[in-house]
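Here are some friendly notes to read alongside the model. Please keep the picture open as you go through the points.

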There are 2 protein chains.
Amino acid sequence: MSGWLAIAGLGPGDAALVTPEVEAALAEATHVVGYIPYIARVAPRAGLTLHPSDNRVELDRARHALEMAAAGARVVVVSSGDPGVFAMASAVFQALEGAPEWQELDIRVLPGITAMLAAAARAGAPLGHDFCAINLSDNLKPWVVIERRLRLAAQADFAMAFYNPRSRGRPEGFARALEILREECGAHQLITFARAVSTLEERINTVTLVEATPEMADMRTVVLMGNSATRRVGRFVYTPRMFPGEAGTGSPSESARAQGSGQVE
Amino acid sequence: MSGWLAIAGLGPGDAALVTPEVEAALAEATHVVGYIPYIARVAPRAGLTLHPSDNRVELDRARHALEMAAAGARVVVVSSGDPGVFAMASAVFQALEGAPEWQELDIRVLPGITAMLAAAARAGAPLGHDFCAINLSDNLKPWVVIERRLRLAAQADFAMAFYNPRSRGRPEGFARALEILREECGAHQLITFARAVSTLEERINTVTLVEATPEMADMRTVVLMGNSATRRVGRFVYTPRMFPGEAGTGSPSESARAQGSGQVE
């Protein structure tokens with residue numbers, strides 16, 4: 001038995017955004033498990049069995065993948081974006097929690113380009129300063145928690161990325177989120193609606209908070225809310241690296257001397 | 001003139017985490033600009049000029065890259081991780097702000113695997129629920145802002161990723177951050193120190209908040225703080241997809257039926 005399980009991120013849609021690490025895992029796999037539209041992104045080949053499933057059965061899917069790996073299969077669980085951001089990695093570890101016999105399996109998480117990073121890149125650099133990522137779906141937490149997090153994030157002046165802003169089942173949630181943001185943030189703060197990033201249906205639309213409407217988001221949209229310093233430059237939107245109020249002061253060369261790297265190794 | 005500028009993320013270190021999109025841009029480039037250790041990750045070849053620079057000259061570097069692109073060169077500005085997360089994209093747009101003559105240039109941001117996603121993948125799924133990313137460097141903002149954001153993020157029960165936790169120049173900052181987290185969070189909340197992820201020097205260390213010491217982080221570390229529900233399963237750390245308090249109730253199959261997707265398209 002030399003089974004393994006890889007929980008892999010396919011990125012936002014474009015094959016040029018899938019990492020070589022994920023491609024290699026898919027090339028070695030005997031089974032791929034995932035939500036139907038993500039499985040559709042995996043090229044069929046001899047020796048590879050695809051297991052598409054619906055989108056509300058994450059734990060069943062995770063257990064199925066673990067079972068196959070335990071039986072010696074080479075299994076990839078695919079998510080779009082990054083598997084650790086509102087996707088399958090947590091579901092697999094939750095399934096693992098109830099099954100100590102599987103905990104010594106060869107399990108790896110393979111990161112991917114998550115939707116907010118792809119969307120931010122297309123818009124410019126709206127997440128260029130401290131930011132947060134919030135799943136607006138209230139399937140997994142009560143709305144009161146979402147509201148509280150939105151208010152605290154706004155008070156912290158975080159830029160924000162919203163996943164799952166809107167679904168057919170709960171169209172009112174995102175309208176309420178916009179109301180809360182209007183109460184907590186400036187009317188002219190910029191908000192970017194990024195739909196189907198890196199696919200043929202990509203559409204990027206930046207408006208001010210006062211102009212934003214719930215209909216601007218659908219199930220394929222990630223929403224990026226700027227902080228109080230986020231601004232336009234030409235066709236781009238960016239959030240300065242420095243604290244609002246200190247941004248844009250001084251000449252570029254003076255700023256450069258006064259500023260640190262802001263980069264991580 | 002057919003110059004262009006791509007601001008590209010090289011991922012955390014491993015070549016298997018560089019996207020094909022970034023590889024393609026590097027293959028077409030005539031010039032690559034960046035901080036010395038990131039330039040060292042770009043393979044030299046005939047026709048490609050490498051421009052390594054120090055890590056406190058982001059705006060000068062950005063202006064240099066824009067100048068070369070405006071003169072017809074094909075220029076890639078490289079960052080580690082993702083260029084839009086505490087890296088060069090914001091610096092380029094800041095430089096662009098002062099130079100309207102460059103705003104019609106062909107400029108693209110190419111996303112990358114940012115450090116927190118690579119680190120989270122190695123640890124398990126500590127960012128599996130709502131989270132925030134905070135740059136702990138106080139070069140670009142006053143410490144009081146960092147402290148305020150830490151407290152608000154803890155009150156929101158966000159998981160947190162900390163970039164630039166510690167540098168030679170300001171060893172005391174991260175010690176203060178840990179003190180604040182101890183005031184706001186539970187003593188046994190899990191915190192992961194992920195050093196040099198995906199390189200030969202990689203080291204992942206998860207402890208409880210009460211056990212954490214400033215020395216556990218250095219300049220090559222990204223720190224991942226769990227939320228109140230983050231827990232260990234086997235050798236992994238994960239944050240449940242559902243709201244703390246509702247997590248882990250019911251059998252896996254019951255939970256599966258009760259839960260939504262939590263995934264983004």
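How many residue pairs are in polar contact across the interface of chain A and chain B?

1. Polar contacts first. The rule finds 32 residue pairs in polar contact across the interface of chain A and chain B, with both residues at pLDDT 80 or more. A polar contact is a pair of N or O atoms within 3.5 Å; within protein, one must be able to donate a hydrogen and the other to accept it, and residues adjacent in sequence count only if both atoms are side-chain atoms.

2. A word on the ground rules. This is a predicted model, in which local features need pLDDT of at least 70 and side-chain atom pairs count only at pLDDT 80 or more, while totals for chains, interfaces and linings use all residues. Residues are numbered from 1 along each chain as its sequence is written, chains are lettered from A and ligands numbered from 1 in the order in which they are written, and side-chain values use heavy atoms, with hydrogens and water left out.

3. Now the extent of the interface. Chain A brings 101 residues to the contact and chain B brings 100 residues, where contact means heavy atoms within 4.5 Å. About 9000 Å² is buried between the two chains, and carbon and sulfur atoms give 57% of that area. Buried area is the accessible area (1.4 Å probe) that two parts lose on being put together, summed over both.

4. Salt bridges come next (a side-chain nitrogen of Lys or Arg within 4 Å of a carboxyl oxygen of Asp or Glu). Between chain A and chain B there are 8 salt bridges, and the count over all chains is 20. One that you can look up joins B:Asp130 to A:Lys141, at 2.4 Å from N to O. Within chain B, B:Glu147 and B:Arg151 form another, with their closest N and O atoms 3.0 Å apart. These two residues are separated by about one helical turn because they lie 4 residues apart in helix H6 (residues 143–155) of chain B.

5. Helices (H or I, at least four residues) and strands (E, at least two) are DSSP runs, numbered from the N terminus, and two strands pair if DSSP finds at least two bridges between them. Strand E7 (residues 131–135) of chain A runs antiparallel to strand E7 (residues 131–135) of chain B, and 3 bridges join them. Here A:Cys132 stands opposite B:Cys132.

6. That pair belongs to an open sheet of 10 strands with mixed pairing, in the order E10(A)-E9(A)-E11(A)-E8(A)-E7(A)-E7(B)-E8(B)-E11(B)-E9(B)-E10(B). Why is one side of strand E10 (203–208) of chain A and of strand E10 (203–208) of chain B left without a neighbour in the sheet? Both stand at the edges, each with a single partner strand, so one side of each has no neighbour there. In chain B, strand E8 (residues 159–163) pairs with strand E11 (residues 221–225) in the antiparallel sense over 3 bridges, and B:Ala161 has B:Leu224 as its bridge partner.

7. Finally, chain A has an open sheet of 5 strands with parallel pairing, in the order E3-E2-E4-E1-E5. Its edge strands are E3 (49–53) and E5 (106–110), each pairing on one side only. Strand E1 (residues 4–9) and strand E4 (residues 74–79) of chain A are parallel partners over 6 bridges, with A:Gly9 opposite A:Ser79.
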